[in-house]
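Q: I have a new model open and would like to go through it. Please keep the words simple.

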Amino acid sequence: MKILIYPHEILRQEARPVERIDGEFQGLIDRMLEMMYKAKGVGLAANQIGELTQLVVMDITPAEDGPNPIVLINPRITELEGEEVGEEGCLSVPNYVAPVKRALRLHLTGYDRNEKEVRIEAEGLLARCIQHELDHLKGICFVDRLNPVRKVLFRKKWPKIRPREE
Ligand code: ZN
């Protein structure tokens, strides 16, 4: 299992809702957390490892204060508010960061790994991270959200900096 690199076709596909949280699914959650920490990312969506299922893992805590993993299953954003431009990167687009406009605050509902309903009110980095990861579940990568000029620059630059497939 490895992290798929942009523009892998699976990164363009929509994830399906999770219907059953069984032992196998718990194993998937653990593997994703492990991969995210190993890659030093703050978030990972199941699409990024080739699983089209509505699961994201995140941890925005600085390494020295963590770990503080957040697992979200079938997440839905119910409110978006404000606007903020901030730098983003992605484990599927390594060695590249660029500013992206996102909502500043949001409300989210979903389920944790114990099938308990969770409600999150987030802002700042957590809100940005949630929007980025939930985009993945819809088949959207952050580079799709760059402004038109940056998009052109990215398309020129990416073939030169992208990692070679193993
Ligand atoms: Zn990403």
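A: One term before the rest: helices (H or I, at least four residues) and strands (E, at least two) are runs from DSSP, numbered from the N terminus. The model is predicted, so local features need pLDDT of at least 70 and side-chain atom pairs count only at pLDDT 80 or more, while totals for chains, interfaces and linings use all residues. Residues are numbered from 1 along each chain as its sequence is written, and side-chain values use heavy atoms, with hydrogens and water left out.

Q: OK. How many helices and strands are there in the chain?

A: The chain has three helices and seven strands.

Q: And in which order do the elements run from the N terminus on?

A: The order is α-β-β-β-β-β-β-β-α-α.

Q: What is the radius of gyration, and what would a compact globule have?

A: The radius of gyration is taken over C-alpha atoms, and the globule rule is 2.2 Å times the number of residues to the power 0.38. For 166 residues that rule gives a value near 15 Å, and the chain has 15 Å, so the two agree. The C-alpha trace spans about 45 × 40 × 35 Å along its principal axes.

Q: What share of the residues counts as buried?

A: The figure is 45% of the 166 residues. Buried means under 20% relative accessible area, exposed means over 50%, and partly exposed is in between (1.4 Å probe, protein chains only).

Q: What about contacts between residues 24 or more positions apart?

A: They account for 64% of the contacts in the chain with a separation of 6 or more. A contact here means heavy atoms within 4.5 Å.

Q: Switching to charges. How many positive and negative side chains does the chain have?

A: There are 25 positive and 27 negative side chains, and the centres of the two sets lie 8 Å apart. Lys and Arg count as positive, Asp and Glu as negative, and His and the chain ends are not counted. Each charge is placed at NZ of Lys, CZ of Arg, CG of Asp or CD of Glu.

Q: There is a zinc ion. Which protein donors does it have?

A: The protein donors are C90 (SG), H132 (NE2) and H136 (NE2), at 2.0 to 2.2 Å from the zinc ion. Two of them link distant parts of the chain: C90 is in strand β4 (residues 84-90) and H136 is in helix α2 (residues 124-137), 46 residues apart. In sequence, the spacing of the donor residues is C-x41-H-x3-H.

Q: What counts as a donor, though?

A: N, O and S atoms within 2.8 Å of the metal count (3.2 Å for Na, K and Ca); water is not among the atoms, so sites may look incomplete.

Q: Are C90 and H136 buried or exposed?

A: Both C90 and H136 are buried.

Q: What about Q131, where does that lie?

A: Q131 lies in helix α2. Its relative accessible area is 8%, so Q131 is buried. Apart from residues up to four places away in sequence, Q131 touches I77, L80, R102, A103 and L106.

Q: Now loops. Where is S92, and what does S92 touch?

A: S92 is in the loop between β4 and β5 (93-102). Its relative accessibility is 0%, so S92 counts as buried. Not counting residues up to four places away in sequence, S92 touches I3, L4, I5, Y6, L11, Q48 and W158.

Q: And K116, buried or exposed?

A: K116 counts as exposed because its relative accessibility is 56%. This residue is in the loop between β6 (105-111) and β7 (117-123). Beyond its neighbours within four places in sequence, K116 is in contact with G110 and Y111.

Q: Which residue other than glycine has a positive phi?

A: N74 has a phi of about 50°, and N95 has a phi near 65°. N74 is in strand β3 and counts as buried, at 18% relative accessibility. N95 is in strand β5 and is exposed, with a relative accessible area of 64%.
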